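Here is a short briefing on one protein model. Have the structure open while you read.

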Amino acid sequence: VLFEIPGVFQVVFAPLRWLLEFEGSMHEWQFRAHLDHYMALFGMVAAYLHPNAAAAIAAVETMEPQRRARVVLAIGLAMAGVLVLWVRYGFLMPDKFAYNRVHPYTSWLPILAFLALRNLTPTLRSKSLFLFGWLGKITLETYLLQFHVWLSSDAKTTTVYLPGYPLLNFVLATAVFLYLSYKLFHVTVFLSDALAPANVSRAVLAGRVLVFSALILGPFLALKWLDSVT
């Protein structure tokens, strides 16, 4: 509703306009939020259906060999077709703005195809890449820091450390970005344990969240007030 009905987003976030338009615009906030707003839903549905998917995989493995091969081949061809169509008519769209309009509704397709292909056979399921597993642990931090460390100019360019050396600069910027994301991951874990340990009551948790929010927003509000009076 926030993104599909014109005007609803502006009404809902109007009380926070003073915050969301700080050094930016409501349009930028809406664009970034709209771009992947269905991915959270896809993740929740995937988590909910995980037991069903595991049961389906187990059922396929109990089939007689010829039937199992046909089922695996059919799923593989279908998912490969989905991936090819998404690349052809989505990823390779020449118009960036046209792609931005369809991205929220199609970005889950290559992920679904990868998950299906990745789990087609016991051999594929038994193999993994350490890099993907490591990156999976810090996805929250990489998502947050990409706009503040890795990218600049409203996410249009890579942060420049080595002017005149674009390839080396990309490698260095990526290394700095991943290192800081990894360190922030440990900070996130520490703060989570400090603010919300397993045995804390809801009242204490609510108080801690309010204090932490005040510590975070306090300096920002002070800067905003100083900016308005100078």
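The points below cover a helix pair, a pocket and one histidine.

This is a predicted model: local features need pLDDT of at least 70, side-chain atom pairs count only at pLDDT 80 or more, and totals for chains, interfaces and linings use all residues. Residues are numbered from 1 along each chain as its sequence is written, and side-chain values use heavy atoms, without hydrogens and water.

**Helix pair**
- Helix α3 (residues 26–35) packs against helix α6 (residues 96–106) at about 40 degrees, with the axes 9 Å apart.
- F31, H34 and L35 of α3 meet N100, H103, P104 and Y105 of α6 (contact: heavy atoms within 4.5 Å).
- These contact residues divide into four nonpolar, three polar and no charged.

**Largest pocket**
- The largest pocket holds about 1500 Å³ of space (a pocket is an open set of points on a 1 Å grid where a 1.4 Å probe fits, with protein on both sides within 12 Å along at least five of seven lines; lining residues have an atom within 4 Å of a point).
- It is lined by 35 residues, and L35, D36, H103, Y143 and Q146 are the closest to its centre.
- Helix α3 gives the largest share of the lining, eight residues.
- The lining divides into 16 nonpolar, eleven polar and eight charged residues.

**H186**
- H186 lies in helix α11 (residues 166–195).
- H186 has 38% relative accessibility, so it counts as partly exposed (between buried, under 20%, and exposed, over 50%, with a 1.4 Å probe and protein chains only).
- H186 and F97 are 89 residues apart in sequence and 37 Å apart in space, C-alpha to C-alpha.

Conventions:
Axes are lines fitted to C-alpha atoms, for helices over the stretch in contact, and angles run from 0 to 180 degrees between N-to-C directions. Helices (H or I, at least four residues) and strands (E, at least two) are DSSP runs, numbered from the N terminus. Ala, Val, Leu, Ile, Met, Phe, Trp, Tyr, Cys and Pro count as nonpolar, Asp, Glu, Lys and Arg as charged, and the others, Gly among them, as polar. Grid points are joined across faces, edges and corners, and a volume is the space filled by probe spheres set on the points.
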